[in-house]
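Here is a short walk through one chain, written to be read with the model open beside you. We start with the overall layout and then move to the packing and a few single residues.

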Amino acid sequence: MGPIKLAADAESSSAASFDTRDRKMRNSLLERKKSFASVSMGEEKPFDFFRTFFEGVIAGGAAGVVVEAALYPIDTIKTRLQAVHGGGKIDLNGLYSGLTGNLTGVLPASALFVGVYEPTKQKLLKTFPENLSAAAHFTAGVVGGFATSFIRVPTEIVKQRMQIGQFTSAPDAVRLIISKEGFKGLYAGYGSFLLRDLPFDAIQFCIYEQLRIGYKAAAKRDLNDPENAIIGAFAGALTGAITTPLDVIKTRLMIQGSANQYKGIFDCVQTIVRKEGPTALLKGIEPRVLWIGIGGSIFFGVLESTKRLLAQRLPAPHQDSNTKHG
């Protein structure tokens, strides 16, 4: 009977050992799941459209104004480079020309863009499968860009006409454009603006959001302001380089005025390539990449820090105010 008891004890010990290992394995998997969930904790929070919209409006407006005021001279040089035909030289005087008038458009446009983007992004992330988060970010960027295009196009036209010296003040620019070209003059190049800005917004925010998700997953923590700024700079510079030809086309169509040198987007491309060569479509790429790279760093740095401050000052009901959406 002794050996039988020993065998039973051994079997019992083996079963207990197996249960212990199984329990440890389950706990380990659970810990991993918790660790991963903390990276995208925002997707678990209740969706509050008005709060998300409000925070986006404030954060977007602040980020847009800071970037525009800081980097306006680089944008002016870029515009003048793209406007010059052939081997002409650019004028470096009045690099802040049109800034005040431009800020009156940039503030509501940036505020509205992020205000639309944030709730759209959160809604799509809840709707799309997890492996399609990039599609959610891309689509939200397109929606935000289209929603603000009715503000951004007239703002861009007035800004660029002033940057190349056609007008000396924003009110005069608006009045004279309408008197000479009609109200549609304020929306000259609207199609090319959408052709450039919708892909730009979508690509930039998609790259930025995806890099943040990957970084947060690796670091297993929220990112700090310098890290957000570095990721924003990379996303901005890469997107700026990719979309430079679209920006050249948009600039030429917007500044042609009543001359109607180009009949449309395709005619503009053909004319530029025929008269100036294909490399003309990359005019201004250096200041554009520099401007948007630095701008992306400032914009996303200010955006994330402002969102964090708002979350701390306005804690959502029934949830930890330190929790941040991704």
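Helices (H or I, at least four residues) and strands (E, at least two) are taken here as DSSP runs, numbered from the N terminus. On that basis the elements of the chain run α-α-α-α-α-α-α-α-α-α from the N terminus on, which comes to 10 helices and zero strands.

A word on the ground rules. This is a predicted model, where local features need pLDDT of at least 70 and side-chain atom pairs count only at pLDDT 80 or more, while totals for chains, interfaces and linings use all residues. Residues are numbered from 1 along each chain as its sequence is written, and side-chain values use heavy atoms, with hydrogens and water left out.

pLDDT is the predictor's confidence in each residue, from 0 to 100. The chain has a mean pLDDT of 81, and 81% of its residues reach 70 or more. Helix 1 (residues 2-39) is where confidence is lowest, at a mean of 48, and helix 7 (residues 225-242) is where it is highest, at 94. Where pLDDT is low, the predicted coordinates should not be read in detail.

**The chain as a whole**

For burial, the cut-offs are under 20% relative accessible area for buried, over 50% for exposed and partly exposed in between (1.4 Å probe, protein chains only). Buried residues make up 45% of the 326 residues in the chain. Among contacts with a separation of 6 or more, 78% join residues 24 or more positions apart. The accessible surface (Shrake-Rupley method, 1.4 Å probe; for residues, only the protein chains shown count as cover) comes to about 16300 Å², and 66% of that belongs to carbon and sulfur atoms.

**Aromatics and cores**

What does the ring inventory look like? Rings of Phe, Tyr and Trp (its six-membered ring) pair if their centres lie within 6.5 Å; planes under 30 degrees apart are stacked, over 60 edge-to-face and the rest tilted. The whole structure has 14 aromatic pairs. Two of them are set out here.

| Pair | Centre to centre | Angle between planes | Type |
|---|---|---|---|
| F49 and F50 | 5.4 Å | 80° | edge-to-face |
| F205 and F300 | 5.1 Å | 65° | edge-to-face |

F205 lies in helix 6 (residues 190-219) and F300 in helix 10 (residues 285-313), so this pair ties together parts that are 95 residues apart in sequence. Both F205 and F300 are buried. By contrast, F49 is partly exposed at 39% relative accessibility, and F50 is exposed at 65%.

F205 and F300 also belong to one aromatic cluster with F113, Y117, Y208 and F299. Leaving out residues up to four places away in sequence, F205 touches F113, Y117, F299 and F300.

A nonpolar core is a set of buried Ala, Val, Leu, Ile, Met, Phe, Trp, Tyr and Cys residues joined through side-chain atoms within 4.5 Å. The largest one has 24 residues, and F205, F299, F300 and L303 have the most contacts inside it. Helix 2 (49-83), helix 3 (99-127), helix 4 (133-163), helix 6, helix 7 and helix 10 each give two or more residues to this core. A second, separate core of 15 residues includes V153, I177, A188 and F193.

As for cysteines, the structure holds zero disulfides (pairs of cysteine sulfur atoms within 2.5 Å). C206 is buried at 13% relative accessibility, and C268 is buried at 0%.

T244 sits in helix 8 (residues 244-255). Is T244 buried or exposed? Its relative accessible area is 0%, so T244 counts as buried. Beyond its neighbours within four places in sequence, T244 is in contact with L281, L282, K283, I285 and R288.

L107, in helix 3, is partly exposed at 42% relative accessibility. L107 and G64 are 43 residues apart in sequence, but their C-alpha atoms are 6.3 Å apart in space. L107 also touches G61 and V65, not counting residues up to four places away in sequence.

K220 is in the loop between helix 6 and helix 7 and is exposed, at 57% relative accessibility. Its phi is near 60°, a positive value in a residue other than glycine. Most residues other than glycine have a negative phi.

How values were computed
Contact = heavy atoms within 4.5 Å.
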